[in-house]
Amino acid sequence: MVQYNFKKMTVVPNGKDFIDIILSRTQRQTPTVVHKGYAINRLRQFYMRKVKYTQTNFHEKLSTIIDEFPRLDDIHPFYGDLLHVLYNKDHYKLALGQINTARNLISKIAKDYVKLLKYGDSLYRCKTLKVAALGRMCTVIKRIGPSLAYLEQIRQHMARLPSIDPNTRTVLICGYPNVGKSSFINKITRADVDVQPYAFTTKSLFVGHTDYKYLRYQVIDTPGILDRPFEDRNIIEMCSITALAHLRAAVLFFLDISGSCGYSIAQQAALFHSIKSLFMNKPLIIVCNKTDLQPLEGISEEDMKLVTEMKAEAMKTVIGQGGEAMNDDGVLLTMSTLTEEGVISVKNAACERLLNQRVELKMKSKKINDCLNRFHVAMPKPRDQKERPPCIPQAVLEAKAKQAAEKEKRTTEKDLENDNGGAGVYSASLKKNYILANDEWKEDIMPEILDGHNVFDFVDPDILLRLEELEREEGLQQADDDYEMDGMELTPEEQKALAAIRKKKSLLIQQHRIKKSTAESRPTVPRKFDKDREFTTKRMGRQLSELGIDPARAIDRARSRSVSRRGRKRERSVDGGDADGDDMDVDTSHKKLRTMSRPRSRSRSRPPTDVVPGEGFKDSFQKSKALDKARKSVKNRNKNARRGEADRVIPNLKPKHLFSGKRSNGKTQRR
């Protein structure tokens, strides 16, 4: 599975488009109508909502850009170095840093202006603050316009990068330019890399996929590398160096032994020795290409010596048992991409070497112990020298033989169709699989009407009997379900006990419901329904006496409240400051209550003209005069500030230059 997919990154708009997107969304998603008669709090909320919504949209857009672009320190080192080679890591980080700074600045601007809008005293002031806030946000976006354009170019280029998984099985092809690397990847994969007879046809990494032993391998074609110092290599060569340095892959070093690429074997050997440090701990295969032009046996002794030295270096990279080199099979191979001779053997050798290395590395890792603990192969120990071959019952052997014979002799519907005229002539019979006592009856025609009766009514002669049995069984089940105990089967003593139990049960349920209900929802029981005389003054007096409280005053109060109160005003209760805390309130005459009552103290509100120490006024008259002057000074300003959202103000409904003078024939809309 590809771990990095840069094709799904969101498009980065330029500065002008960015502002248009956000402001148009704010205009569409927030209210646009406000009137001068609204309360000041409503006006503040109207403009604060616009500022906050704009800031939220800017924040979401910029956060999406920052999150979707890869962080070079968190991704695989191969992609980190590749992006550094292509785009310069410092410029890339600087652009993302400017986006992050702009996001923080916009959040700070919105926070400051929302704080100012909370103290806006008029519609005009609030609108001015809103315009200033949105203008400052747009100015911040305009300043990062070059960074946005730079990131959009990087996004477009990254979307064209091949999807390389650094952790999967990989075959890497490298060598001098024009030695046949692209032709080889075109032969073994479905990739379509451009092949031309000049150097540096391939200017970037190309990826193809091939299968070996039911496993998928990715094959990477790298641009050609020249033998020169590291500092002098260009971006195209550095892509190949990055892939060699960071990918765990089987390396195929292509060698053009014919010299038609424009470079001698000595130059290619020098390149091999200069980059051999990148081949460590990787399966390395030296591929001698273009053998159709020059066989390997026909090269000179000096060139053969150089090839042998390269083969010896390749043997050092082989990981074998105990770290020693294995046999030299599959280290030096020959092929021709033109005649396709040896192409498949080179692919198989590279995939096999890579597969063996990955298996050995996994066997040496610590995770293998956890895997081996899950497997157990039981091998019985021999107790004597007697042979005990596997025993298969004879019945099983016969069943298998019979099944095999039936499988061979079975005639299908397709065969019958071909034997009986083919499609359109042969019609398959649906009756041949009927299970009947006699197979000759299968093709008989079944009558529907016989002797004036429907045949299907007489197919089952016992159908009525079975219906009666089902109805009888259903009636018994319903009787069992509806069975309840009634009083006819009980003795008189048992009937009385059952009635007492049911009454007690209903009382318990009622008492439980009364206890569950709150004091407000608990019903007051009228006297005519209190048949058991449970709610009486005697009962209340008895309960209060048990608590140690004198019930006399409470009983008198209850009796006085039971009298009809129609036309009676509410009287003031006696002040209980001198009475005992356990006593209840009782009714007394209205005149006596008025003499005993005392006025309650309440907090008095201070008039606005009262002078508070520290305000700087001499007396209340001077303060009221100052307040009047302040109120008059802001009167004109508030009158000018009462304008609508669109500021559609017509100062003069009938301008004199349009409504005075002699009018001639024709239109008089404008002069």
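1. The model is predicted: local features need pLDDT of at least 70, side-chain atom pairs count only at pLDDT 80 or more, and totals for chains, interfaces and linings use all residues. Residues are numbered from 1 along each chain as its sequence is written, and side-chain values use heavy atoms, with hydrogens and water left out.

2. Start with Asn88. Asn88 is not a glycine, yet its phi is positive, about 70°. Asn88 sits in the loop between α3 (77-87) and α4 (89-117). Helices here are DSSP runs (H or I, at least four residues), strands likewise (E, at least two), numbered from the N terminus. Asn88 has a relative accessible area of 28%, so it is partly exposed. That term covers values between buried (under 20%) and exposed (over 50%), with a 1.4 Å probe and protein chains only.

3. Now Glu340. Glu340 also is not a glycine and has a positive phi, near 60°. Its place is the loop between β6 (332-334) and α11 (343-364). Glu340 is partly exposed, at 48% relative accessibility.

4. Next, the helix pair. The axes of α9 (residues 265-274) and α10 (residues 301-316) come within 10 Å and cross at roughly 20°. Therefore α9 is roughly parallel to α10 (angles under 35 degrees count as such). Axes are lines fitted to C-alpha atoms, for helices over the stretch in contact, and angles run from 0 to 180 degrees between N-to-C directions.

5. Which residues of α9 meet α10? They are Ile265, Ala266, Ala269, Phe272 and His273. Their partners in α10 include Leu306, Val307 and Met310. Contact means heavy atoms within 4.5 Å.

How values were computed:
Parallel < 35°, antiparallel > 145°, perpendicular 65-115°, else oblique.
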